[in-house]
Every structure is written in structure tokens, then in C-alpha cells.
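Reader: I'm new to this one. Can you walk me through it?
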Amino acid sequence: MAMTIHRDTLRPVPLVEERSWVALSACRDIDSDLFFSETRSAARNAKRVCAGCAVVDECLDYALEINIRFGVWGGMSTSERAAMLRDFAATRDTDLATG
Ligand code: SF4
């Protein structure tokens, strides 16, 4: 399996192309520029593709796992994923503080 060292985590992670779920993705035959455009309309269209994707959970997990900072993954934009991670961290911190 091909691996890459992710710069944010310094952990080896399999390349996305090596993930078995990629073969089932709704975007496998769509130009990836749609998912990495800066425009809101492109992001909306990308999310529409994601909405019909059979592996949306796997894709989102992958993006969160290696902290991908660009593009629409798992039906969520970069800022939406960042907000999700902040909410998760806040909940975790609250749970740790209250025991
Ligand atoms: S959730 Fe979206 S970006 Fe992820 S594999 Fe499916 S269509 Fe592609």
C-alpha cells in the first residue's frame, strides 16, 4: 500500500487512492476541480454530488483523520469540517473537566 507522511500529523497514512471506498465514490469520474474550487457555487454543486454518495461517511472520516484543509470532502467544506473539529474538541474538554 502506498503511504505518505501527512505534514500536520507526521504520521504515515495511506494515499486516498489506496482506500477501498474510493472505488464506490460518486465523484470518481468527476473533475476534482469541482471539489477544490474557491467559489460557493462550485462548493454547492460538489455537496450535491456528495449527497448522493454511498461512501460519504468514509470520506468525511478520512478528511478528519488526516486533517485535510482544502476542498469538499464528505459533503462538508473546509470551514464546516473545522467547525466540527472545534465542537468535538470543546465537547471532549467539557467531558474531561466534568469527569
Ligand atoms: S463524499 Fe463527496 S468527495 Fe467524498 S467520495 Fe463521495 S462524492 Fe467524493
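Reader: What share of the residues is buried?
Author: Buried residues are 12% of the 99 in the protein. Keep in mind that this is a predicted model.

Reader: How many helices and strands are there?
Author: The protein has three helices and two strands. Along the sequence they run β-β-α-α-α.

Reader: And contacts? What part of them links residues 24 or more positions apart?
Author: That part is 40%, counting contacts in the protein with a separation of 6 or more.

Reader: Now the ligand. Which residues are closest to it?
Author: Ser25, Cys27, Cys50, Cys53 and Cys59 are the closest. The ligand has 14 residues around it.

Reader: Which helices supply at least two residues of that shell?
Author: Two helices do: α1, residues 40-51, and α2, residues 56-65.

Reader: What classes of residue make up the shell around the ligand?
Author: Eleven are nonpolar and three are polar. The shell has no charged residues.

Reader: Switching topic. Which residues form the largest nonpolar core?
Author: That core has ten residues. They are Phe35, Ala43, Ala46, Cys50, Val55, Cys59, Ala63, Val72, Trp73 and Met76. Helices α1 and α2 each give at least two of the core residues.

Reader: Which element gives the largest share of this core?
Author: α1 does, with three residues. In general, nonpolar side chains tend to be buried together in soluble globular proteins.

Reader: Take Ala43. What does Ala43 touch?
Author: Ala43 touches Ser37, Val72 and Ser77, leaving out residues up to four places away in sequence.

Reader: What about α3? How far does α3 reach?
Author: Helix α3 covers residues 78-98, 21 residues in total. From its first C-alpha to its last, α3 reaches 30 Å, close to the 30 Å expected at 1.5 Å a residue.

Reader: How many of the 21 residues in α3 are buried?
Author: One, so α3 is hardly covered.

Reader: What comes just after α3?
Author: Gly99, which takes a positive phi of about 75 degrees.

Reader: One more. Where does Ile68 lie?
Author: Ile68 is in the loop between α2 and α3.

Reader: Why does Ile68 count as partly exposed?
Author: Because Ile68 has 17 C-beta neighbours inside 10 Å. A buried residue needs 20 or more, and an exposed one has 12 or fewer.

Reader: Which residues is Ile68 in contact with, leaving aside neighbours within four places in sequence?
Author: Ala63 and Trp73. As for Thr78, ten residues apart from Ile68 along the chain, the two C-alpha atoms are separated by 7.8 Å.

How values were computed:
Residues numbered from 1 in each chain as written. Predicted model: local features only at pLDDT ≥ 70, side-chain atom pairs only at ≥ 80, totals over all residues. Helix = DSSP H or I, 4+ residues; strand = E, 2+ residues; numbered from the N terminus. Contact = placed C-beta atoms within 7 Å. Near = placed C-beta within 6 Å. Nonpolar A, V, L, I, M, F, W, Y, C, P; charged D, E, K, R; others polar. Core = buried A, V, L, I, M, F, W, Y, C linked by C-beta atoms within 7 Å. Expected span 1.5 Å × (residues − 1).
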